[in-house]
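I opened this model to find my way around it. These are my notes, in the order I looked things up.

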Amino acid sequence: MAALLLRGVRAHVRLCPAVTLSRSAAAALHCSSSLRAREDYLVTKPEIKASLIAGAKMAKAVRDEVAIEIKKMVKDGKQPPQLVAVLATDDPASESYVSGLKLAKKCGITLEVLRQESASEEELLELIKNLNKDDKVDGILVLPTTAQKEKGTILNTVAPEKDVDGFHTLNIGKYCAGVPAFVPSTVLGILEMLKRCEVPTFGKNVCVVNRTKHLGFALATLLHSDGTGDATTTVCHEHTPPEQLSVMTKLADIIIVGTGIPGLIKGDMVKEGATVIDFGTTVVQQEDGSSRLVGDIEFDEVAQVASLLTPTPGGVGPMTVAMLLRNTLLAAQKQNVFDFQSIKE
């Protein structure tokens, strides 16, 4: 049952060391056909050169696939997957993330949001431990404060098999070692975008502008791994000297950026025809007093150089939610996202 669901991501992700493929076979996997035609996920506009990746449309396709699998589970007499989101911060980005999770119901996933902004660390730890013990709960998502996140204690209290956002250090260590594990949903969303848009990674240069362990580090690790992306990856970040950052991005066939610095990547920093994935999010104030969400790229400039580009909003964000819901399904099925023993099927 999981084999059908995962077929769309396998072409980019194969972390099972027990399966050995020749370089030519691996290259063929990276370019195999997706679940739907590439053109279904691309939007062209006459005023720009780049085709825009329709993240919202792609996310709906993923959710529809998840819904089909859940209907099969229920038909077989099993309970639908249950996801519990613990919101321990008033951060607007986290609030927006939780709001997007309301789509879980349309997939057949039971969602419970526990608002714990005023809870102490001890209270949060006790709550998470109880959720770990609850057999009815398949997936746990914890959105902590920045300080709690950096400390790591709360995220590492979530049971690894219920850690559907892949933040537990055990899951990080496993997927870095090529062992089945849950991977962060943003990372999965980006890999799925590359897959469904048939962007080749084999032998390509990828510049990841983000060094966080659960995002930039994970992307670089998975994209350079043998049989996963087979790309040459470079990791930069917000403190990389501008002239050096420009050198690295100009060499890249694929740029993946997410620093929260609007306008960091400009048009003259991008190779002609490159693919640019922007998962940075910043709320900026307009002159008229209104606000809008922007990414890390100078959009008007990059859109005239790149061949494929994600918009903000409507790009990586919807795919992050969709892949979290897919992870929740797999947790309910007692599967792992990267358990690809049957890769040749």
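The entries below go through sheets, helices and cysteines.

**Ground rules.** I am working on a predicted model, where local features need pLDDT of at least 70, side-chain atom pairs count only at pLDDT 80 or more, and totals for chains, interfaces and linings use all residues. Residues are numbered from 1 along each chain as its sequence is written, and side-chain values use heavy atoms, with hydrogens and water left out.

**Seven-stranded sheet.** I started with the strands. Helices (H or I, at least four residues) and strands (E, at least two) are DSSP runs, numbered from the N terminus. Two strands pair if DSSP finds at least two bridges between them. I traced an open sheet of seven strands, ordered β1-β2-β12-β9-β8-β6-β7, with mixed pairing. Its edge strands are β1 (42–43) and β7 (232–236), and each pairs on one side only. Strands of a sheet pair through backbone hydrogen bonds, either parallel or antiparallel.

**Around β9.** I then looked at what sits beside β9. Strand β8 (residues 254–257) pairs with β9 (residues 275–278) in the parallel sense, over four bridges. There, I255 has V276 as its bridge partner. Strand β12 (residues 308–309) also runs parallel to β9, joined by two bridges. V276 stands opposite L309 of β12.

Which way do the residues of β9 point? T275 and I277 point one way, V276 and D278 the other way, and all are buried. Buried means under 20% relative accessible area, exposed over 50%, and partly exposed in between (1.4 Å probe, protein chains only). In a regular strand, side chains alternate between the two faces of the sheet.

**Three-stranded sheet.** Next I found an open sheet of three strands in the order β4-β3-β5, with parallel pairing. The edge strands are β4 (110–115) and β5 (139–143), each pairing on one side only. The twist averages 15° from one strand to the next. Strand β3 (residues 82–87) pairs with β4 over six bridges, in the parallel sense. I noted V86 with its bridge partner L114 in β4. Helix α6 (residues 121–133) lies across β3, β4 and β5, running at about 175° to β3. Axes are lines fitted to C-alpha atoms, for helices over the stretch in contact, and angles run from 0 to 180 degrees between N-to-C directions.

Angles under 35 degrees count as roughly parallel, over 145 as roughly antiparallel, 65 to 115 as roughly perpendicular and the rest as oblique. Contact means heavy atoms within 4.5 Å.

- The axes of α3 (residues 55–75) and α13 (residues 316–332) come within 8 Å and cross at roughly 15°, so the two helices are roughly parallel. Among the residues of α3 that meet α13 are G55, V62 and M73.
- The axes of α3 and α9 come within 11 Å and cross at roughly 100°, so these helices are roughly perpendicular. On the α9 side, E192, M193 and R196 make the contact.
- The axes of α9 and α13 come within 7 Å and cross at roughly 110°, so they too are roughly perpendicular. Contacting residues include L188 and I190 of α9 and M323 and N327 of α13.

**Helix α10.** Why do I call α10 (residues 216–224) largely enclosed? Seven of its nine residues are buried, so the rest of the structure largely encloses α10. The buried ones are G216, A218, L219, A220, T221, L222 and L223. Their cover includes α8 (169–176), α9 (185–196), β6 (205–209), β7 and β8.

**Cysteines.** How many disulfides does the structure hold? I found zero. A disulfide is a pair of cysteine sulfur atoms within 2.5 Å. It is a covalent bond between the sulfur atoms of two cysteines. The closest cysteine sulfur to that of C236 is in C207, at 3.9 Å, which is too far for a bond. C236 is buried, with a relative accessible area of 2%. C197 is also buried, at 0% relative accessible area.
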